[in-house]
Amino acid sequence: MDHSATTPVAAEVLEATLPYFGEKFGNASSLHNFGMEARSALEGSREKVADLLGAESNEIIFTSGGTESDNLALKGIAYRNRDRGKHIITSAIEHPAVLEVCRELEKQGFEVTYLSVDSEGFVDPAALESAIRKDTILISLMHANNEIGTIQPIEEVGRIAEDRDIFFHTDAVQTTGKIPVKTNDLKVDLLSISSHKLYGPKGVGVLYIRGGTKIESMMQGGGHEHNLRSGTENISGIVGLGRACELAQQIMSSEAERLMHLRDKLAKTVLESVNDSWINGSMKWRLPGNVNFGFRYVEGESLLLYLDSKGIAVSTGSACSSHKLEPSHVLMAIGLRPEECHGSLRITMGRSNTEEDMEFAAACIAESVERFRGISALGR
Ligand SMILES: *Cc1c(COP(=O)(O)O)cnc(C)c1O
């Protein structure tokens, strides 16, 4: 129940990729038959990704994943538009793949506004509009947050960016394949995707770049991917991502509905059975499979380890398990105190989860909170 961290490769995806580790090993740049076979697989996948996004296939650039796509989008626009301006707008709750790039760009002389969010994690489009300056070149705002699942009003921000002639990027890693993500509806110029978050293989992703949008390349070499991402293409990974997009499109609406039901059921059961508990994020504009609980007087870390011993994989915004010294920047940004962040538990459901899983998880969560509150120095 940690599908926001990664997802298993779907059986259909694995099957589609296997020949590309075997007899179909060609380099897509070669002119002989092996090369042509790889080239046609590459272009076939490009069309499948474009279809899912309602985009043109020449707007799809394959990368090594979500992190590279975010880097390429932000640095690519920033470096290309240096002469036009040096101001970038983003939010305080972005993924590190955006936030850390912004910090790096600040070192290089760019100026970044980190918009605050409200208690449910929403950016206020009016506040965003008033943060725009004459020298603003880029707005980067994630589609949905990976910790609390809040879905931002991207269409509205897209309209603002379009009116003011500012490039607009969204990190859609958590939404692609789960809810409709159409580049024209969202009015984005750039959009990042990661294959392993949508039942595809790891180490492959996409940056969508609207036709006519010029960016600087980060990787120099043989000129692959419209000269934007040199390097021999990861054909097996790309084939897997294409197949994953096709599958996601087929089952999206029924799966989203099923996950929303599981999510709401788990949230209700746990809130009813555990005192001093709450939900972080919005219940209205929320990723279908995401629940983020807050439990007072208990450490998320202890809950995580206990649940792991029961075979349930979850994550927490507590400081210890994040391999950092700070509690989650997302939970802090929605106004939680550090001790409230420590008692957080993120549960993200996916294709293999069932109603019975929810019942078992709810019982284990209630049991573990009770147990650790009993022995905690913070407990009542
Ligand atoms: C996972 C994730 C990324 C990074 O993607 P990788 O393919 O793992 O590099 C970026 N943004 C968000 C919102 C994510 O959830």
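Visitor: How many residue pairs are in polar contact between domain 1 and domain 2?

Guide: Ten residue pairs, both at pLDDT 80 or more, are in polar contact between domain 1 and domain 2. A polar contact is a pair of N or O atoms within 3.5 Å; within protein, one must be able to donate a hydrogen and the other to accept it, and residues adjacent in sequence count only if both atoms are side-chain atoms. Please note that this is a predicted model, in which local features need pLDDT of at least 70, side-chain atom pairs count only at pLDDT 80 or more, and totals for chains, interfaces and linings use all residues. Residues are numbered from 1 along each chain as its sequence is written, and side-chain values use heavy atoms, with hydrogens and water left out.

Visitor: What area do domain 1 and domain 2 bury between them?

Guide: The size of an interface is often given as the accessible area lost when the parts come together. Here the two domains bury about 2100 Å², with 60% of it on carbon and sulfur atoms. Buried area is the accessible area (1.4 Å probe) that two parts lose on being put together, summed over both. Of the area that domain 1 buries against domain 2, Glu 147, Ile 148 and Tyr 199 supply 32%, more than any other three residues.

Visitor: How many salt bridges does the rule find across this interface, and how many in total?

Guide: Side chains of opposite charge can pair when their charged atoms come close. The rule asks for a side-chain nitrogen of Lys or Arg within 4 Å of a carboxyl oxygen of Asp or Glu. Across the interface of domain 1 and domain 2 it finds zero, while the count comes to 24 salt bridges. One of the salt bridges joins Lys 48 to Glu 246, with the closest N and O atoms 3.8 Å apart. Lys 48 lies in helix H2 (residues 33–53) and Glu 246 in helix H9, 198 residues apart.

Visitor: In what order do the seven strands of the open sheet stand?

Guide: Strands of a sheet pair through backbone hydrogen bonds, either parallel or antiparallel. The order is E1-E7-E6-E5-E4-E2-E3, with mixed pairing. Helices (H or I, at least four residues) and strands (E, at least two) are DSSP runs, numbered from the N terminus, and two strands pair if DSSP finds at least two bridges between them. Strand E1 (60–63) and strand E3 (111–115) are at the edges with a single partner strand each, so one side of each has no neighbour in the sheet. Strands E5 (residues 167–171) and E6 (residues 190–194) pair in the parallel sense over three bridges; Asp 171 has Ser 192 in E6 as its bridge partner.

Visitor: Which strands make up the open sheet of three?

Guide: The order is E8-E9-E10, and the pairing is antiparallel. Five bridges join strand E9 (residues 290–295) to E10, and Asn 290 stands opposite Thr 348 in E10.
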